[in-house]
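Subject: Structure for you to look at

Hello,

Here is the structure I promised to send over. My notes follow below it.

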Amino acid sequence: MKRFKYADERISERDIMIAIPSIVIGVGILSMPKQLASVTIGADGWIPLLLVGLFAVFITWAIAKFASGFQGQTFLTYASKIVTKPVAIVLSFMFAVLSIFITAYQIRKISNISQQYLFDRTPIEVIALTFLLVVVYAVSGSRAGLFRINMMFMPIIILIALTLVVFNLGWINIGNLLPAFQTPVSGYVQVVKNTGAISYLGFGILWFYLSLVDKPKKAPRAAAIGMCIPVGLYMIIFIMCIGVFGNAVTANILYPTIELAKVVEIPGGFFERFESVFFVIWIMAIFITATMAMDIGVFALNSIFKNTEKLKIILILTPIIYLAGMFPQDVVEVDLLGTIMGWAMIVLNVTILILLSVIAKIRGVQRDE
């Protein structure tokens, strides 16, 4: 029985490749075009999206490359060898705390969007609690099962996104994309400051999930390819929003991507209200993001408190996540929470990568080659 359970918890490098876009693509893409358009001119927002995306691809590859050198070892195990166990416990705990707040942000954000577009008479607290309970149910099961869900949902998510793009091609006005390259440097800096962190958030899962990979040496390439998917998708969606609505209109729409779905008209008139299907599918994407973020928090705490059952940790975290998600008073505070958590996670990941790499080199810690 134990052997079967162990085998069920193993994943392949392909699972990692799918997991990266699964956790990255979430609520951010729905409001991202508005945030970019408000500080750039024409379609210039694609430039910082690409630059930040390339940085995210590199960091993803670098983290996977480093972590893959410790095959079968958890983050706490090899970090303890490099920077001592107390420091490794602190780092793991920081990952857990940030993962909890990211989960809370995702749940609050989808609750706000659901209330605006679907459940206008339902209290946001009820929507958030319902969504959170579904996430908790998913996290309570097999960890490898989450990757199976990714494999099932991600093709559907990509398909619905491409459908959105294809059926909006006829509405594009090339003039809306102009003028090009007129945004000042300060505009690009503002984009990176406000949206860069949360847009590509997710590569931190590699510190923990790579311990489950059967062939970790293939993981860096797979993870980098996985991160390229949201980079390309973000750029396409942003350009489509600008091409259809124009820069000024996009900057004043709360969720341009959802509004883009409303424009879709499928030939033949056999299907109307495409945005309903788009929204339902995108709830899948946000569900995956929230589930994996919470699972990382559980994973990190479980590695610290090894004698504590996974379910007990989940039950302790659930009310904390709910209260954290309900703390922001309005949409502005929710977005601020997302920005803060995004930057905190990026700083933590980059700092840990540099810290462990340098100290491992100095102390001569052996890695699997």
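Gln-73 counts as buried, because its relative accessibility is 18% (buried means under 20% relative accessible area, exposed over 50%, partly exposed in between, with a 1.4 Å probe and protein chains only). This is a predicted model: local features need pLDDT of at least 70, side-chain atom pairs count only at pLDDT 80 or more, and totals for chains, interfaces and linings use all residues. Residues are numbered from 1 along each chain as its sequence is written, and side-chain values use heavy atoms, with hydrogens and water left out.

Gln-73 sits in the loop between helix H4 (46–67) and helix H5 (75–83). Helices here are DSSP runs of H or I with at least four residues, numbered from the N terminus. The side chain of Gln-73 makes a polar contact with the side chain of Lys-81, at 3.0 Å. A polar contact is a pair of N or O atoms within 3.5 Å; within protein, one must be able to donate a hydrogen and the other to accept it, and residues adjacent in sequence count only if both atoms are side-chain atoms. Setting aside neighbours within four places in sequence, Gln-73 is in contact with Tyr-78, Lys-81 and Ser-211 (contact means heavy atoms within 4.5 Å).

**Salt bridges**

How many salt bridges does the structure hold? There are four. The criterion is a side-chain nitrogen of Lys or Arg within 4 Å of a carboxyl oxygen of Asp or Glu. Three of them are described here, starting with Asp-335 and Lys-109.

- Asp-335 and Lys-109: the closest N and O atoms are 2.4 Å apart. The pair links distant parts of the chain, with Asp-335 in helix H16 (residues 331–363) and Lys-109 in helix H6 (residues 85–117), 226 residues apart. Asp-335 is partly exposed at 23% relative accessibility. Lys-109 is buried, at 1%.
- Arg-143 and Asp-295: their side chains meet at 2.8 Å, N to O. Arg-143 lies in helix H8 (residues 143–166) and Asp-295 in helix H14 (residues 274–304), so the pair ties together parts 152 residues apart in sequence. Both residues are buried.
- Lys-262 and Glu-259: the N to O distance is 3.8 Å. Both lie in helix H13 (residues 256–263), three residues apart, about one turn of the helix. Lys-262 is partly exposed, at 40% relative accessible area. Glu-259 is also partly exposed, at 21%.

H13 is mostly covered, with six of its eight residues buried. These are Pro-256, Thr-257, Ile-258, Leu-260, Ala-261 and Val-263. They pack against H3, H6, H8, helix H11 (219–245), helix H12 (247–251) and H14.

Ser-31 is in helix H3 (residues 28–37). Ser-31 is buried, at 7% relative accessibility. Not counting residues up to four places away in sequence, Ser-31 touches Lys-109, Leu-254, Tyr-255 and Pro-256. Lys-109 is the salt-bridge partner of Asp-335, and Pro-256 is among the buried residues of H13.

**Helix H2**

Nine of the 12 residues of H2 are buried, so the rest of the structure largely encloses this helix. Among them are Asp-15, Ile-16, Pro-21 and Val-24. Helix H2 covers residues 13–24 and should span 16 Å at 1.5 Å a residue; its end C-alpha atoms are 17 Å apart, which agrees. The expected span is 1.5 Å times one less than the number of residues.

Best wishes

Methods. Helices (H or I, at least four residues) and strands (E, at least two) are DSSP runs, numbered from the N terminus.
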